[in-house]
Amino acid sequence: MPLDNPKGQSFRLVGSRPDRPDGIDKVTGRAKFGADMSAPGMLVGKLLRSPHAHARIRRIDIKKALALPGVKAIVTRDDFKEIEGDLRDVSRNVMARDKALYDGHAVAAVAAIDTATARKALKLIKVDYEILPHVTDVEEAMKPGAPVLHSDLFTQGVEPTPKKPSNIAKRHEFGHGDVAKGFAQADVVVERKFKNEATHQGYIEPHACLASVGNDGQGELWVCTQGHYAVRNVCASLLGMDVSKLRVTASEIGGGFGGKTTVFIEPVALALSRKAGKPVKIVMSREEVFRASGPTSSATVWVKIGIKKDGRITAGDAVLKYQGGAFPGSPVDMGAMSAFACYDLENVRAVGWDVVVNRPKQAAYRAPGAPISAFGVESVIDELAQKIGMDPIEVRLKNAAHEGTESSYGPTYGVIGLRATIEAAKVHPHYKAPLGPNQGRGIASGFWFNFGGQTCVSLNINIDGTVALAVGTPDIGGSRASMCLMAAEELGIGYDQVRTIVADTSSLGYNDISEGSRVTFSTGMATIQAARDAVKKLCGRAAQMWGISPEAVLWENGHAKPAGANAGDFPPLSLADIAKVAANTGGPIAGHCEVNAEGAGVSFSTHLCDVEIDPETGFTRVIRYTVIQDAGKAIHPSYVEGQYQGGAVQGIGWALNEEYIYGADGKLQNAGFLDYRIPVASDLPMIDTVIVEVPNPGHPYGLRGVGETSIVPPLAAVANAVSAAAKVRMTEIPMSPPKILKAMGEAQRR
Amino acid sequence: MVQVVLWGSLKSATGGATKVEVEAANIRELLSRLGEKHPGLKPQLDRGVSVSIDGKIYRDAWFQPIPPGSEVFLLPRLAGG
Amino acid sequence: MRYEAPKTTKEAVALLAKAKGLAHVLAGGTDLLVRLRSGQVEPDLVVDIKRIPAMGKISAVANGIRIGGAVPSAVLGEHAGVRKAWPGVVEAAKLIGSTQIQGRATVVGNLCNASPAADSVPAMVAAGATAIVVGPKGRREIPVEDVAVAPGKTSLRKGEIVESIHLPKRPPRSGDAYLRFIPRTEMDIAVVGAGVSLTLGPDGVCRQARVALGAVAARVLLVEEAAAALVGTKVDDKALDKLAAAASAACRPIDDKRGTKEFRIKVAGVLARRAAKTALQRARRGK
Amino acid sequence: MSKVRVSTTINGDPVEYLCAAEETLLDVLRDRLGLTGSKEGCGTGDCGACSVTLDGRLVCSCLVLGAEAEGREVRTVEGIAKGDQLHPLQRKFIEHAALQCGICTPGFLVASKALLERNPNPTEHEIRFWLAGNLCRCTGYDKIVRAVVSAAAEMRESR
């Protein structure tokens with residue numbers, strides 16, 4: 001859907017900051033999240049998880065557990081059929097089959113009358129494991145002789161296809177030009193290796209669901225998820241149910257950030273419920289969330305970039321190795337595609353390796369793959385700028401991708417906002433502010449693709465002229481407010497007159513998951529189209545009442561009006577006027593839209609970060625932070641700023657203190673918020689934001705998704721700031737105090 | 001004829017070529033002709049790809065027209081968080 | 001599990017002494033409940049001591065201050081008397097967890113949890129505090145450094161409870177301070193902790209000092225060499241350097257998820273020096 | 001397994017319940033009394049989503065036994081608004097977009113209210129440290145801090 005008016009548009013409501021429609025529910029405790037639902041006769045479901053990083057499961061004995069009074073059902077691998085194809089790995093991740101592939105892998109599940117009984121039952125299940133050697137580090141897993149997780153995994157994308165299985169699932173390569181030629185033209189070349197540990201999305205709400213399957217095979221599922229249609233389709237496949245027999249309702253969702261785009265406990269709860277004939281609720285503990293949901297990849301990244309003294313980059317090359325946990329599918333392809341996406345390069349190459357290790361299967365985390373590669377590339381750009389004595393902003397401006405640039409992953413860019421964000425950074429007071437002792441400033445840019453996808457909305461005109469808008473994308477960051485704004489904008493009515501709800505899977509057609517920064521873009525586009533569909537119908541009803549042709553009616557400020565003097569002289573009819581008599585003019589009035597939304601505009605962001613380091617302890621504090629990002633058009637600026645701030649802070653956490661720590665035994669050592677250290681309020685300054693608006697030509701209002709890009713630059717922005725303050729280049733993330741202190745000590749000794 | 005640029009690691013399925021030409025007026029035709037001409041691409045095509053036409057990325061739209069002279073890239077099927 | 005909330009220390013001791021199976025004292029519960037919920041401990045009896053009036057009191061006694069076993073850190077932090085006399089102990093207690101944890105966690109619980117990283121313990125050790133232990137055989141008073149014997153293990157016998165902590169009367173020209181290192185600004189367990197208490201003579205020369213370190217060994221360490229570096233000096237840079245070196249030298253840390261040996265050794269010296277400086281300033285003010 | 005009988009006051013109302021000795025106050029509130037506004041984010045006192053006040057003192061209800069509430073006064077997020085009148089903090093949280101997903105919001109409100117009752121004019125620094133035990137993963141805390149500052153100012157004016 002193209003931009004309505006490329007010359008600029010004015011809006012009545014879009015761009016204002018009204019209260020969100022679900023606000024009162026959420027400040028009074030009334031909002032119902034995943035764990036807040038209950039059902040009469042409900043059982044408690046609990047999972048037994050592998051204590052081993054890698055083990056063959058010889059036998060599972062559930063007899064004693066089943067005999068415990070109060071235990072109503074137990075499921076193991078035997079209760080899930082073998083699945084081939086796309087969902088094979090998902091199915092095996094949900095419940096281990098021949099092998100447990102990571103510490104925390106589900107092995108069995110119990111439904112019992114209460115938590116205490118379920119816990120007791122878990123202890124009575126005897127699993128006979130044959131412990132196998134394990135590997136949790138990406139580089140170790142790639143070595144010949146490493147313990148192999150899957151005997152049927154042969155590296156794809158290399159010629160010839162290996163005859164021996166390994167942990168290397170796939171090789172990807174992107175780029176164009178001739179990097180060797182480019183490096184030969186360079187005056188300065190920097191190459192470095194970077195490393196980052198895995199992180200977790202860290203949503204505060206653990207996974208939770210309530211499943212109920214009747215004896216007739218009809219099922220209901222209440223679940224906190226980013227995509228209830230996807231949950232329905234996957235669960236139906238895993239359990240051999242007709243899709244029509246499973247109705248999934250998305251609860252309010254307490255954070256997802258990509259981590260709630262797949263299934264973990266949902267098929268298990270359904271299987272238990274089906275077996276027990278009673279509703280079953282499963283709520284993960286925080287420990288389970290860390291051990292057995294979907295963290296990010298850990299990775300090593302090698303980057304080499306050449307530059308001329310005048311600041312023009314001649315070539316960029318990168319090799320990325322990402323582990324994706326126990327199954328193929330790390331986001332290394334997206335890491336490789338986005339690595340150099342901010343730059344206009346003649347010679348560029350990025351090679352990615354997708355590797356499996358004995359860790360939980362990774363799940364998406366906000367711009368999956370991109371922060372990791374951007375950390376390497378933006379750090380090297382920073383170093384090159386220092387080496388040629390040029391301001392890092394000037395280097396970026398000189399090489400920034402623009403309209404017409406052949407992107408590093410292929411397609412030629414249309415209208416993009418990267419340069420606008422860098423220019424805004426350059427003139428921002430933050431960039432000029434003086435720094436004190438032991439302080440350093442970092443700058444970094446980032447890119448994300450943004451997606452559209454399948455979307456369906458239903459916009460119903462109520463009898464009093466108010467509007468009920470049903471969407472199918474769970475609201476993960478205030479999107480209902482944006483939908484109300486767009487519907488009201490189109491219809492010419494008040495914001496408060498539209499109520500947006502997230503419909504269940506049986507009430508509305510299929511919708512893709514709330515992911516890829518797609519909701520405000522796609523569901524917004526569908527809402528606008530549905531509103532225009534409704535307007536057409538409203539005009540038709542008015543035409544009928546006036547006895548004129550529908551083409552002779554136009555819609556203005558919430559009223560149907562004759563299009564001109566020739567159309568006749570009739571007093572305008574408001575939406576409420578028309579709605580009131582809908583029964584007499586043809587029945588209910590509704591607008592619909594079913595679309596596969598295309599045309600999502602790519603997104604760019606530039607961040608500024610100041611840190612201060614205690615040189616005696618390595619303690620690092622972010623003292624100032626500014627996010628500048630292109631939103632295309634900010635529908636509800638407060639929630640756009642919220643996305644910028646939230647993404648930046650997650651990135652700051654990743655950069656400084658968050659990490660998965662595995663012991664030599666392959667077990668996760670910090671499965672809790674005590675030692676998995678996400679930023680707390682006292683760690684941070686205010687996060688300044690600048691919303692740049694370079695309209696996306698592929699959306700009627702020009703909007704671009706804003707959810708993910710904000711996590712791409714911070715790793716590098718913080719690393720560049722820390723490197724400046726510590727006077728030593730930091731190449732390992734997280735830059736925890738022991739690492740900083742060690743690097744500073746080594747630099748002083750050199 | 002449409003010239004399609006493949007991403008680097010697919011060239012093993014096309015005898016080393018990263019640019020291939022097929023006759024196609026829309027994405028569905030493009031994908032089926034690619035599979036016929038280069039059977040080695042078939043598994044990847046079945047797993048899912050995105051197609052970029054003149055800088056716009058499409059994930060599913062079979063009937064998206066490919067105007068003559070368009071810049072066409074095959075890309076991995078992408079997903080966000 | 002049985003829950004009891006006796007009204008007197010005597011009853012509590014009797015319950016614990018008679019208990020069959022595993023019995024735990026519940027004060028603030030911020031450690032016990034975490035372990036209870038995760039299934040790490042499955043006690044048969046939990047004795048809540050918060051209904052015992054004496055346990056909830058902070059009282060001035062002839063030779064110092066008594067802090068009852070059930071006094072939460074937040075209450076301790078609001079007590080002007082303790083804040084004035086032993087600011088280092090209070091600042092250590094105030095570092096235990098979040099505001100929410102402060103509302104529950106007690107210094108006695110912190111002590112009896114026997115973690116080498118307990119924040120309040122190095123400060124209490126530096127202060128020369130003692131624990132009043134009540135048990136079936138009566139009452140005894142032991143230095144706080146003798147309560148924990150190993151991570152998670154105390155010297156308390158069956159039926160014994162630490163009823164209160166005794167902080168000695170503060171001599172004039174004395175000051176104490178506690179500092180810890182954590183990677184964030186809040187919410188972490190100490191990677192290193194350092195408590196220093198010192199007393200100056202009228203001439204400004206340090207007459208007496210105690211230095212204690214946390215999280216650098218299996219138990220909180222009382223480092224006499226570090227204290228000796230201060231005594232007889234004006235706590236000048238030279239003395240502080242010696243103190244830092246002695247503190248670092250005393251460390252016997254491990255590498256773990258919270259920090260490396262190398263880091264802990266270095267930072268122990270840094271923190272001991274900084275804590276000593278603060279203690280010195282307080283001593284100079286405390287005429 | 002014998003249950004403990006507890007008489008307590010919750011949001012000003014007398015309440016009686018039976019609970020298992022090992023059951024937490026959070027479990028009692030959520031599962032026995034239907035007060036699901038208090039959330040469980042961690043169960044270890046590290047996230048603050050279950051914050052309530054116990055005799056006016058801010059605590060994590062996941063680290064309090066249900067049995068301990070005997071004779072005490074418990075206040076939860078459900079008790080913050082007076083009928084249909086929102087508390088200034090509740091209004092300011094909405095107005096400042098201080099919530100995105102909203103799972104941490106009840107804990108932040110209970111904790112912020114406890115802060116403003118003690119300190120009607122907190123600095124940004126004091127707010128951030130008081131709220132350090134409340135994790136939010138969506139907002140980066142910026143808008144939360146602003147909402148608390150703004151609510152405090154309004155409350156001071158209306159006194």
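Modeller: We'll take a helix in chain A, then a sheet in chain C, starting with the ground rules. This is a predicted model, where local features need pLDDT of at least 70 and side-chain atom pairs count only at pLDDT 80 or more, while totals for chains, interfaces and linings use all residues. Residues are numbered from 1 along each chain, chains are lettered from A in the order written, and side-chain values use heavy atoms, without hydrogens or water.

Biologist: Which residues of helix α13 in chain A are buried?

Modeller: An α-helix has 3.6 residues a turn, so residues three or four places apart point the same way. Here helices are DSSP runs (H or I, at least four residues) and strands are E runs of at least two. Buried means under 20% relative accessible area, with a 1.4 Å probe and protein chains only. In α13(A), residues 418–427, that applies to Leu418(A), Thr421(A), Ile422(A), Ala424(A) and Ala425(A). Their arc, taken from the directions from the helix axis to the C-beta atoms, is only 160 degrees, so they sit on the same side of α13(A).

Biologist: What do those buried residues pack against?

Modeller: Contact means heavy atoms within 4.5 Å. Their partners in chain A include α12 (392–399), β16 (439–448) and β24 (603–613).

Biologist: And in what order do the strands of the chain C sheet run?

Modeller: Strands pair if DSSP finds at least two bridges between them. This open sheet has three parallel strands, ordered β1-β3-β2. β1 (2–4) and β2 (23–26) of chain C each have a single partner strand, so one side of each lacks a neighbour in the sheet. Three bridges join β1(C) to β3(C), residues 45–48, and Tyr3(C) has Val46(C) as its bridge partner.

Note on methods. Buried means under 20% relative accessible area, exposed over 50%, partly exposed in between (1.4 Å probe, protein chains only).
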